[in-house]
Amino acid sequence: RKGIPMIIGLDVGGTHTDVVLVGENGLEKQVKVPTDTSALFNTVLTGLEKITEDIPTGQISHTVLSTTLTTNAIVQKKLSPAGMIVTSGPGIDPEAFRTNDHYFVVPGGIDHSGREIQKIDPEKVRAAADQIERAGIRHVGVVGKFSARNPVHELQIAEILGDRFDKVFMGHQISGNFGFPRRINTTFLNASVYPVHRNFFEAVQKSLKQKGITVPIHILKADGGTMGLINSIDFPGQSILSGPAASVMGSVAFAPDYTETLVLDIGGTTTDMAVLVKGVPLLAPHGVDINGYKTLIRAL
């Protein structure tokens, strides 16, 4: 109705894309369209056109997104190739935490107090970058053991890499929490799902622009919070388990506050389960495990 602000909710799944319009009286309208991952723009635009039919774009206050595309890429082992450059110093050999074929351990070390105990070897970094580049890989993760305490080595490695790659993810920016193996996995997943998330990001931006909708765009994170879509391009791993988190958050409104509830989300690609205790979702505060990867991604 005229003048009432409305919210668009958009969930891009591997099989279908669902779009809802939420207004003063709750759910005003809902549509479902097949997801074509090779033409995401057309998928999203079709959904937006159907949901905003006869609705002035000026009535839309903001848009909230969720997606299972990055989750599905991990579970189905369809990750894009990524390079990893890791430095640790004394302790367990980082080879024990190898994530993929294009994984290179270079000299350098920061101790637990943030003090440099071994300098970076620029030549070894360049040699690793040469091999990654020759493999045609465009996205790289850089991780140092105690970078959460002192990120200087990650910054130096990224500076040596310069603009040779389309995107470089540094572990200390991905997560400030400790846990060297988990930071390696998390940074690797960010670099690996980046192309999938970028396609989603561009499809949403382009389709909203074509519809003339210029409102704040939020994406649901794995922990049930939201972040700006623009910011998500630097933290694509935060979209992992976004879709399942949406199911959990939606179920909170219906769950009893006196007992436990099992939330079961059966999708076209994955089935996800979660538990609510007296109406409150359980959280993996230190990081979720997904398809064998122990991460630092907080998730419901």
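Which residues in helix 1 are buried? They are Leu-40, Phe-41, Thr-43, Val-44, Leu-45, Gly-47, Leu-48 and Ile-51. Here "buried" means under 20% relative accessible area, while "exposed" means over 50% and "partly exposed" is in between (1.4 Å probe, protein chains only). Before we go on, keep in mind that this is a predicted model, in which local features need pLDDT of at least 70, side-chain atom pairs count only at pLDDT 80 or more, and totals for chains, interfaces and linings use all residues. Residues are numbered from 1 along each chain as its sequence is written, and side-chain values use heavy atoms, with hydrogens and water left out.

Let's stay with helix 1 for a moment. Helices (H or I, at least four residues) and strands (E, at least two) are DSSP runs, numbered from the N terminus. Helix 1 covers residues 40–51, which makes 12 residues, and spans 17 Å from its first C-alpha to its last. That is close to the expected 16 Å, where the expected span is 1.5 Å times one less than the number of residues. An α-helix has 3.6 residues a turn, so residues three or four places apart point the same way. What do the buried residues of helix 1 pack against? Their partners are strand 1 (6–12), strand 2 (16–23), strand 3 (26–34), helix 2 (69–75) and helix 6 (180–211).

If you skip its neighbours within four places in sequence, Ser-192 is in contact (heavy atoms within 4.5 Å) with Leu-79, Ser-80 and Ala-82.

Now look at strand 5, residues 83–87. Here 5 of the 5 residues are buried, so the strand is largely enclosed by the rest of the structure. Gly-83, Ile-85 and Thr-87 point one way, Met-84 and Val-86 point the other way, and all are buried. Strand 5 also has partners; two strands pair if DSSP finds at least two bridges between them. Strand 9 (residues 139–144) runs parallel to strand 5 and is joined to it by 5 bridges, with Val-86 standing opposite Val-143. Strand 6 (residues 103–105) pairs with strand 5 in the parallel sense too, over 3 bridges, and there Met-84 has Tyr-103 as its bridge partner.

Next come the charged side chains. A salt bridge is a side-chain nitrogen of Lys or Arg within 4 Å of a carboxyl oxygen of Asp or Glu, and the structure holds 13 of them. In one of these, Lys-119 meets Glu-116 at 3.2 Å, N to O. Lys-119 is exposed, with a relative accessible area of 61%, whereas Glu-116 is partly exposed at 32%.

Another salt bridge joins Arg-164 and Glu-133, whose closest N and O atoms are 2.6 Å apart. This pair links distant parts of the chain, 31 residues apart: Arg-164 sits in the loop between helix 4 (152–161) and strand 10 (167–170), and Glu-133 sits in helix 3 (residues 122–134). Glu-133 counts as partly exposed, at 33% relative accessibility.

Then there is Arg-298 with Asp-223, where the closest N and O atoms are 3.6 Å apart. Arg-298 lies in the segment after strand 17 (293–294) and Asp-223 in the loop between strand 11 (217–220) and strand 12 (226–228), so the pair ties together parts that are 75 residues apart in sequence. Arg-298 is partly exposed at 37%, but Asp-223 is buried at 18%.

Ser-251 lies in helix 8 (residues 242–252) and counts as buried at 17% relative accessibility. Leaving out neighbours within four places in sequence, Ser-251 is in contact with Val-263 and Leu-276. In the loop between helix 7 (229–232) and helix 8 you'll find Leu-241. Leu-241 has a positive phi of about 70 degrees, although it is not a glycine, and it is buried, with a relative accessible area of 14%. Lys-278, in the loop between strand 14 and strand 15, isn't a glycine either and has a positive phi of about 55 degrees.
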